[in-house]
Amino acid sequence: MSQETLISSVTKVFEAVLEHTNFSLSRETTAADVDGWDSVTHIMIISEIEKTFKIEFDLMDLMDMDNVGDLLDTIEKEISEN
């Protein structure tokens with residue numbers, strides 16, 4: 001899956017969970033950059049990403065994510081392992 005396709009799919013998940021499109025995701029984007037991305041919506045975003053990509057994140061991977069780039073890398077890793 002290309003980075004472009006991946007970030008587009010992840011953006012759709014964010015839009016659905018956050019119920020707005022007032023953001024642009026890049027590899028450097030963090031929760032502080034997106035209105036409504038808090039601890040509760042973070043859990044919802046992760047859950048929807050797992051459903052969308054049919055993957056399951058490891059707890060350690062989740063704890064090591066600092067930005068959207070880390071999230072994308074982890075999704076790619078999980079997809080390749082399945």
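Q: Are F14 and F23 buried or exposed?
A: Both F14 and F23 are buried. Buried means under 20% relative accessible area, exposed means over 50%, and partly exposed is in between, with a 1.4 Å probe and protein chains only.

Q: What kind of model is this?
A: This is a predicted model, in which local features need pLDDT of at least 70 and side-chain atom pairs count only at pLDDT 80 or more, while totals for chains, interfaces and linings use all residues. Residues are numbered from 1 along each chain as its sequence is written, and side-chain values use heavy atoms, leaving out hydrogens and water.

Q: OK. How many aromatic pairs are there?
A: The count comes to two. Rings of Phe, Tyr and Trp (its six-membered ring) pair if their centres lie within 6.5 Å; planes under 30 degrees apart are stacked, over 60 edge-to-face, and the rest tilted.

Q: Which aromatic pair is tilted?
A: F14 with F23, at 6.2 Å centre to centre and 55° between the planes.

Q: And which one is edge-to-face?
A: F14 with W37, at 4.9 Å centre to centre and 85° between the planes. F14 lies in helix α1 and W37 in the loop between α1 and α2, so this pair ties together parts 23 residues apart in sequence. W37 is buried, as F14 is. F14, F23 and W37 make up one aromatic cluster.

Q: Switching to the helices. At what angle do the axes of α1 and α2 cross?
A: Roughly 135°, with the axes of α1 (residues 3–18) and α2 (residues 39–53) coming within 9 Å. Helices (H or I, at least four residues) and strands (E, at least two) are DSSP runs, numbered from the N terminus. Axes are lines fitted to C-alpha atoms, for helices over the stretch in contact, and angles run from 0 to 180 degrees between N-to-C directions.

Q: Which residues of α1 and α2 make the contact?
A: On α1, L6, S9, V10, V13, F14, V17 and L18; on α2, T41, M44, I45, E48, I49, T52 and F53. Contact means heavy atoms within 4.5 Å.

Q: Last topic: where does E19 lie?
A: E19 lies in the loop between α1 and α2. Phi of E19 is near 60°, a positive value in a residue other than glycine. Most residues other than glycine have a negative phi. E19 counts as exposed, at 70% relative accessibility.

Q: What about phi of K54?
A: K54 has a positive phi of about 55° and is not a glycine either. K54 is in the loop between α2 and α3 (59–63), and is exposed, with a relative accessible area of 71%.
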